[in-house]
Amino acid sequence: MSAFIQSPAAEMMELLDELSAFSAPGDGVTRLLYTPEWKQAQQFLLNRAAESGLTAYSDSVGNVYGRLAGTGPDDKVVLTGSHIDTVVRGGKYDGAYGVAAAFTALRYLSSVYGPPLRTLEAVSFAEEEGSRFPLTFWGSGSVTGLYDGSEAENCRDAEGVTLQEAMESCRLSGDKAAAPRDDISAYVELHIEQGIVLERTGTQIGVVSAIAGQRRFAVSVKGTANHAGTTPMGLRRDALAAAAEMVLQLERSAAAAGDPLVATTGRLEAFPNTPNVIPGEVVFTLDIRNSKEDELEAFCAAAASAFEEIAKRRDVTVDITARLSASPAPMDRGLSSELEAICTRQGRTFRTMVSGAGHDAQLFAPRTRTAMIFVPSRAGISHSPEEYTPPEELAAGLDVLIALLYKLGYEEMNDNGFAPHNTKERWT
């Protein structure tokens with residue numbers, strides 16, 4: 001291991017490597033919700049938390065916690081962590097890095113500074129990705145009230161197994177009933193960027209200002225399927241040509257709108273999909289994201305209007321069906337400012353940025369003070385065995401996380417609920 005890695009970073013790297021071993025066979029890391037490898041990983045974290053002197057427990061959906069109890073009268077909790085599940089053949093950093101850092105940070109703070117004033121908890125959420133069952137954020141959603149548990153009865157995976165059945169088969173030792181929590185005063189999530197901005201700009205830390213809102217649509221374009229050799233160009237009702245113009249119009253409009261708006265057509269199917277037949281129908285998807293709700297709504301409306309104009313001009317029909325609507329999730333400005341101050345004191349480069357990907361933090365943002373910290377991803381690759389962040393960059397994120405947790409857990413708070421700047425603070 002490189003010489004620059006010192007404890008607690010060495011401990012975090014060891015924990016991250018150990019977690020990556022809990023995987024289904026094959027390339028990368030595959031750890032789907034309520035599979036044997038998932039259960040082994042969560043049980044491993046329970047054991048590790050207890051060995052570290054934390055109060056270890058889990059809830060009935062499989063979220064795993066390590067609790068460092070506070071000595072003050074405040075019964076609120078500062079929560080930090082991420083998710084343990086992966087996509088199929090994913091990488092070892094997405095989610096797991098934030099989990100390894102959270103448990104390491106609490107063990108370090110406890111061993112160096114003793115009990116905090118306010119309770120700190122590390123969490124490994126059961127699920128975020130939606131890789132096995134057709135729902136996402138099952139772990140954090142059970143904590144924030146997005147789900148009430150009834151969803152498990154009818155939600156099935158590709159093999160027909162219900163979420164309830166899978167959950168019952170993977171109970172962890174010492175489960176408590178899962179229920180929405182009202183005792184969380186702040187949530188902090190450390191994560192790899194899953195994009196190329198930090199690496200391309202040579203920046204060590206990303207301070208997330210918001211998680212982008214998202215709209216997804218299914219678009220169906222219908223024309224007339226006909227013979228490719230006998231139908232004159234001027235008499236065609238080509239659904240694929242119309243769809244292609246729509247997709248290009250979407251790209252032009254998104255480029256003109258500028259960052260942080262992005263728009264993507266990720267899947268397109270033509271019917272009858274035969275070389276010598278003019279396509280009579282095309283279906284494709286739209287994924288549109290922006291951190292500003294009004295701009296997101298306006299762009300979606302303008303895209304729909306442009307599609308209808310193209311359809312009319314080409315004598316085809318278009319149907320646009322909404323599939324997902326997620327609002328932007330702004331992070332807490334006070335916590336973001338504190339992260340920037342920490343980076344300055346630690347001599348680290350940082351930039352404020354929007355997360356285009358979804359995270360557990362977006363569920364907490366409407367309910368409590370929430371912050372996200374990003375570290376670079378090599379070439380922006382994620383959800384892949386090629387996912388990688390150098391150890392020194394992972395260590396930098398851990399240092400920033402520890403400093404914020406020290407601020408939130410160990411320092412006196414002012415009337416606004418924020419820790420005042422302490423020039424003698426022990427962890428900078």
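Ile-381 counts as partly exposed because its relative accessibility is 31%, where buried means under 20% relative accessible area, exposed over 50% and partly exposed in between (1.4 Å probe, protein chains only). This is a predicted model, in which local features need pLDDT of at least 70 and side-chain atom pairs count only at pLDDT 80 or more, while totals for chains, interfaces and linings use all residues. Residues are numbered from 1 along each chain as its sequence is written, and side-chain values use heavy atoms, with hydrogens and water left out.

Ile-381 is placed in the loop between strand E17 (369-375) and H11; helices (H or I, at least four residues) and strands (E, at least two) are DSSP runs, numbered from the N terminus. Leaving aside neighbours within four places in sequence, Ile-381 is in contact with Glu-386 and Glu-387, contact meaning heavy atoms within 4.5 Å.

Salt bridges come next. Each is a side-chain nitrogen of Lys or Arg within 4 Å of a carboxyl oxygen of Asp or Glu, and by this rule the count comes to 20. One of them joins Arg-132 to Asp-157, with the closest N and O atoms 2.9 Å apart. Arg-132 lies in the loop between strand E4 (119-125) and helix H4 (138-144) and Asp-157 in the loop between H4 and helix H5 (163-168), so the pair ties together parts 25 residues apart in sequence. Asp-157 is buried, at 10% relative accessibility.

Another salt bridge links the side chains of Glu-297 and Arg-215 (2.6 Å, N to O). Because Glu-297 belongs to helix H8 (residues 293-314) and Arg-215 to strand E8 (residues 213-222), this pair ties together parts 82 residues apart in sequence. Glu-297 is partly exposed at 40% relative accessibility, whereas Arg-215 is buried at 5%.
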